[in-house]
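Open the model in your viewer and keep a selection tool at hand. The stops below say what to select and what is there.

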Amino acid sequence: MAENPTVKLGVLISGTGSNLQAIIDAILRDDLKAEIRIVISNRADAQGIERAHRHGIESAVIDHREFRSREDFDSAVLAALRNRSVELVALAGFMRLLSPVMLDAFPGRIMNIHNSLLPSFPGIHGPKDAIEYGVKIAGCTVFFVTPGVDVGPVIVQAAVPVLPDDDEHSLAARILQQEHRIFPHAISLFQQGRLEIQGRRVVVKGDPSTPVSSPIVNPPLD
C-alpha cells in the first residue's frame with residue numbers, strides 16, 4: 001500500500017460521534033492527513049450529525065428502518081460513499097452489522113473501534129463484560145471489519161487498567177479516552193501506506209518504535 005497524500009474518509013455513526021470528533025480534531029491539528037467526505041448516520045437524532053454541521057462537513061441520514069433488508073440499506077450507504085469517492089470507511093460508533101454489499105466493496109478498507117481488547121469481550125457490552133469477568137487490564141481495539149462480530153484483523157490496541165472501584169461506566173469513560181487517541185492513529189497509518197494484512201495479522205511497516213498502546217499502570221495495592 002502506497003502513501004496517500006490525503007485519505008478520503010467516509011464516517012458512519014449512530015450516536016454521539018465522540019470518535020468522529022477525535023478524527024476531526026486530529027485533522028485540524030495536522031496529525032492526520034485526511035478529508036472527511038461525508039458523515040452518514042442511520043439515526044436522525046444522532047448527536048454526531050451536529051458535530052459534522054459545526055465543522056462544515058457534509059452529512060446524511062439513511063434510516064435503516066426504511067429498507068426491506070440489510071443489503072438494501074448497505075446499498076444506499078455504499079452509493080453515498082461512492083458518490084463522494086470515499087477511500088476508507090471509519091465506523092465511529094455505528095451500531096449496525098455490515099453485509100457483504102459493503103464488505104466486498106471496501107475489502108481491507110473498513111475500520112471499526114471496539115471498547116475491549118479483542119478477541120476478548122466482543123459485542124456491545126465490552127466494559128461491563130470485563131468488569132464481570134474480573135480482568136485486571138481492559139482496553140480498546142481498532143480493527144479491519146470482516147464478516148462476523150468484532151473478529152477482523154487487529155490494527156492497534158490500547159490497554160487500560162481496571163481499578164478496584166471501577167464500574168462499567170467509569171471504565172468505559174477511561175477506555176473512551178484511549179479510543180480517541182488510537183482511532184486517528186490507525187487511520188494515519190493507513191494514509192501513510194504502512195498497513196499490510198497478512199492473514200489474521202496486520203503488519204505495521206516502518207518504524208517499529210511507533211507507539212500503538214498506552215502504558216499499563218498497575219493500580220496501587222491496598
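This is a predicted model: local features need pLDDT of at least 70, side-chain atom pairs count only at pLDDT 80 or more; totals for chains, interfaces and linings use all residues.

Start by selecting Ala 26: beyond its neighbours within four places in sequence, Ala 26 is in contact (heavy atoms within 4.5 Å) with Asp 31, Leu 32 and Pro 184. Ala 26 sits in helix H1; helices (H or I, at least four residues) and strands (E, at least two) are DSSP runs, numbered from the N terminus. Ala 26 counts as buried because its relative accessibility is 1%, where buried means under 20% relative accessible area, exposed over 50% and partly exposed in between, with a 1.4 Å probe and protein chains only.

Residues are numbered from 1 along each chain as its sequence is written, and side-chain values use heavy atoms, with hydrogens and water left out.

Colour by pLDDT, the predictor's confidence in each residue from 0 to 100. The chain mean is 93, and 92% of the residues reach 70 or more. Over residues 209-222 the pLDDT is below 50, and this stretch has 22 contacts in the model beyond near neighbours in sequence.

Next, select helix H2, residues 47-54, where Gly 48, Ile 49, Arg 51 and Ala 52 are buried. These residues lie on the same side of H2, because they cover an arc of only 155° around the axis; the arc is that of the directions from the helix axis to the C-beta atoms. Among the elements covering them are strand E1 (7-13), helix H1 (18-28), strand E2 (34-41) and strand E3 (59-61). After H2 comes Gly 56, with a positive phi near 70°.

Which residues touch the most other members of the largest nonpolar core? Select Ile 36, Met 111 and Ile 187, out of 43 residues in that core. A nonpolar core is a set of buried Ala, Val, Leu, Ile, Met, Phe, Trp, Tyr and Cys residues joined through side-chain atoms within 4.5 Å. Helix H6 (residues 168-191) supplies the largest share of this core, 8 residues. Another core lies apart from it, with 22 residues including Ile 62, Phe 94, Leu 118 and Val 145.

Finish at Glu 132 in helix H5, residues 126-133. Glu 132 is exposed, with a relative accessible area of 56%.
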